[in-house]
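Please look at the sequence and structure shown here.

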Amino acid sequence: MSLLESLLTALESLRASKGRTGLTMLGMSIGVTAVILLVSMGEGTKLYITRQFTDLGTNLIIIQPGRTETKTPLGPPPGGATRKLTLGDVRALRKWGTLLAAVTPITFGSGKISRLDRQRDVAILGSDDMLPEILNLGVGSGRFLSANASFSGRRVCTIGETVKEQLFGDQNPIGQMVRISRSAFRVIGVMEKKGETLGMDMDDLVFMPVRAYQKLFDQSGLFGIRAKARSQEDLDAAMAQCTKILKRRHQGNQDFTLISQEAMMSTMGTILDTMTYIMAGIAAISLVVGGIGIMNILLVSVAERTREVGLRMAVGASRWDIVKQFLTESVFMSLLGGSLGVAVGIGGAYGIGLLSENFQPVVTSLTVALAFLFSAAVGLLFGVYPAWRAASLDPILALRRE
Amino acid sequence: MASRCKSSWMTLASTGLDAMIELEDVRRVYAMGGKVGPAIEVVALKNVSLPLDSGEFVAITGASGSGKSTLLNILGCLDRPTSGTYRLDGEEVSGLSDAALARIRNRKIGFVFQSYNLLPRQSALDNVALPLVYSGVGRTERRRRAAEELERVQLQDRAHHRPNELSGGQSQRVAIARALIQKPSILLADEPTGNLDSNTSREILDMFHAMNRETGVTVLLVTHDDEVAGAIPRVIRLEDGQVIEDRRSGGGGKR
């Protein structure tokens, strides 16, 4: 019996019980849809987060005070540092760091900003003129902090778009005075709208010169230093250079930690991949359940068609022919259900993509191929037992069955 | 057995001196039970030896439980003898594999059942063509040959009807066409008229006689109806798994 012949026979008997064939296939479809949707959302999340990291600037080197003995790409817990990084460190890196394109100090805290009767709690970032280049920020109107202002500690600030809207509404804020933690600051610029990056609203920030920040909050150290390597290829060498320069300044102690953005990204990537696999695994359970549905229906079908099996054997079907007949039915059902699931899954992923502008599920051809193959495998696997049951019927008894 | 009389055309049709079917000392024992208490052996056939010539028309009669069905199953290669030999067309078949037996059923044996056993979802034509599916004949060729076979049983105008649209007699004619499509050596009929009224029964029996006469196929027909058996040239009567009578009427294959 040829494969085409088996297929036609299978089609015919599936058509004879459309309702239950359809329902059984539906089980398979739901499983495949779930796999494709979950995996594509996992992939989409990964892409989204990668983009967020890249938005923070490329070739970024993050230097944080404190040292974790065990290697961790996410850096030491903040706040527990023994020795702070200082503006001196920044100057040294600028002077000796030949492989660095830019270095900027970061101080970070929160405070109240107010103007007339309006007041708002904001995150405050003390830095200098290099920050926009390193973090890929753009100035919307006015200007950013100048190099001079940063180290002299003049009380000027550049505010985010949200802060501007909340405090000034439609008015032009440039040149206006605001109060930040009870000190008067002049607004010199408004940042370009950027949106949220890694859960932080970049538009709800106030930027001020690092010295001004230190004076305002009476701090001597820095939250950290951000540097940018000249190129992707120089990244490792640049990090080694930073380490060397800072160690010399810190009497040979490596009491700071360098993290490259790439390392953070790959860590996140690993975490997200694991999550995607877990979700795909959970979805795959539903495929297995679908397979059991197929097996159940086929067992019923074998019982109903006992006489047919007996007759086919009497007119010359070998046991292998009978196995083929039922296996074909099973694989056909699971593949058809799987195809439907692929279609619904892709459609669903597309639909989710329409709902959000930032987040796009990613359907890869590999995902589709795997879901498809898996459903075929499930059909084959769960078809084996019913097919074997049918093939091991005794034709004499099968023919006598009423 | 030398005094056996044959009609002349049978001799011409036979392949040689050997009998076409030869059962020698065939025994079939079933083990019953065994789960509760000791297993009981049921002897269904006791040392049956039976030569059959090509082109013969034989009735097998006997009470139920006499071993008729067992004999038919062994002859039809659906069952194997516990001991003894079964030669079909000179080939020893009792020791063949399942797959080889399936092939023999496909090529050399045609079955006709009391309850027709047609596939309910397929047309008369496709039912007739079914054995060809298992010998790798293409769809067009299958249909062509099935149509020919249907014409032989005068059902060409019912080719596209399904079994539930056919009368009992028509269904049995479809089954006969199916049994003959591979031009088998033997046609095995198990109470083929058991579900039919007497008029239709006569029609079907006439058809068996005609097929036997026209194609030279050996026909073995199991029946418990003495009237049916009476019209058949050779009658083998079984009792308790043994042949107790092997009678030939003088008329040979002709009626």
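## Domains of chain A

The C-alpha centres of domain 1 and domain 2 of chain A lie 56 Å apart. Domain 1 of chain A is made of residues 3-52 + 269-400, and domain 2 of chain A covers 84-254. These bounds come from an automatic or database domain assignment.

This is a predicted model, in which local features need pLDDT of at least 70 and side-chain atom pairs count only at pLDDT 80 or more, while totals for chains, interfaces and linings use all residues. Residues are numbered from 1 along each chain as its sequence is written, and chains are lettered from A and ligands numbered from 1 in the order in which they are written.

## Where chain A meets chain B

In the contact between the chains, 19 residues of chain A touch 20 residues of chain B; two residues are in contact if their C-beta atoms, placed from the backbone, lie within 7 Å. On the chain A side, at least two residues each come from helix H1 (3-16), helix H10 (306-314), helix H11 (319-355) and helix H13 (395-400). H10(A) gives the largest share of this side, with five residues.

By type, the chain A residues that touch chain B are ten nonpolar, three polar and six charged. Here Ala, Val, Leu, Ile, Met, Phe, Trp, Tyr, Cys and Pro count as nonpolar, Asp, Glu, Lys and Arg as charged, and the others, Gly among them, as polar. Helices (H or I, at least four residues) and strands (E, at least two) are DSSP runs, numbered from the N terminus.

## An open sheet in chain B

Four strands of chain B form an open sheet in the order S2-S1-S4-S5, with antiparallel pairing. Two strands pair if DSSP finds at least two bridges between them. Strand S2 (40-52) and strand S5 (91-92) of chain B are the edge strands, each pairing on one side only.

Within chain B, strand S1 (residues 21-32) and strand S4 (residues 83-88) run antiparallel and are joined by five bridges. Arg27(B) has Ser83(B) in S4(B) as its bridge partner.

## Strand S3 of chain B

Strand S3 (residues 57-61) of chain B is largely enclosed by the rest of the structure, because five of its five residues are buried. A residue is buried if 20 or more other C-beta atoms lie within 10 Å of its own, exposed if 12 or fewer, and partly exposed in between, with C-beta atoms placed from the backbone. In a regular strand the side chains alternate between the two faces of the sheet. Phe57(B), Ala59(B) and Thr61(B) point one way from S3(B), while Val58(B) and Ile60(B) point the other way, and all are buried.

S3(B) runs parallel to strand S8 (residues 218-222) of chain B, with four bridges between them. In S8(B), Val219(B) stands opposite Phe57(B). Four bridges also join S3(B) to strand S9 (residues 234-239) of chain B, again running parallel, and Thr61(B) stands opposite Arg237(B) in S9(B).

## Helix H5 of chain B

The 14 residues of H5(B) should span 20 Å at 1.5 Å a residue, and the end C-alpha atoms are 20 Å apart, which agrees. The expected span is 1.5 Å times one less than the number of residues in the helix.

Arg142(B), Ala146(B), Glu149(B) and Leu150(B) are the buried residues of H5(B). Seen down the axis of H5(B), they fall within an arc of 100°, so they line one face of the helix; the arc is that of the directions from the helix axis to the C-beta atoms. H4 and H6 of chain B are among what covers these buried residues. Thr140(B) and Glu141(B), on the other side of H5(B), are exposed.

## Loop residues of chain B

Most residues other than glycine have a negative phi. Gln154(B), which follows H5(B), has a positive phi, near 55°. Gln154(B) is in the loop between helix H5 (139-152) and helix H6 (168-180) of chain B and is exposed, with 12 other C-beta atoms within 10 Å. Asn117(B) also has a positive phi, near 50°, and lies in the loop between strand S6 (109-112) and helix H4 (124-133) of chain B. Asn117(B) is buried, with 21 other C-beta atoms within 10 Å.

Leu166(B) is in the loop between H5 and H6 of chain B and counts as partly exposed, with 19 C-beta neighbours inside 10 Å. Not counting residues up to four places away in sequence, Leu166(B) touches Ala124(B), Arg158(B), His161(B), Ser171(B) and Val174(B). Leu166(B) and Ala124(B) are 42 residues apart along the chain, and their C-alpha atoms are separated by 8.8 Å.
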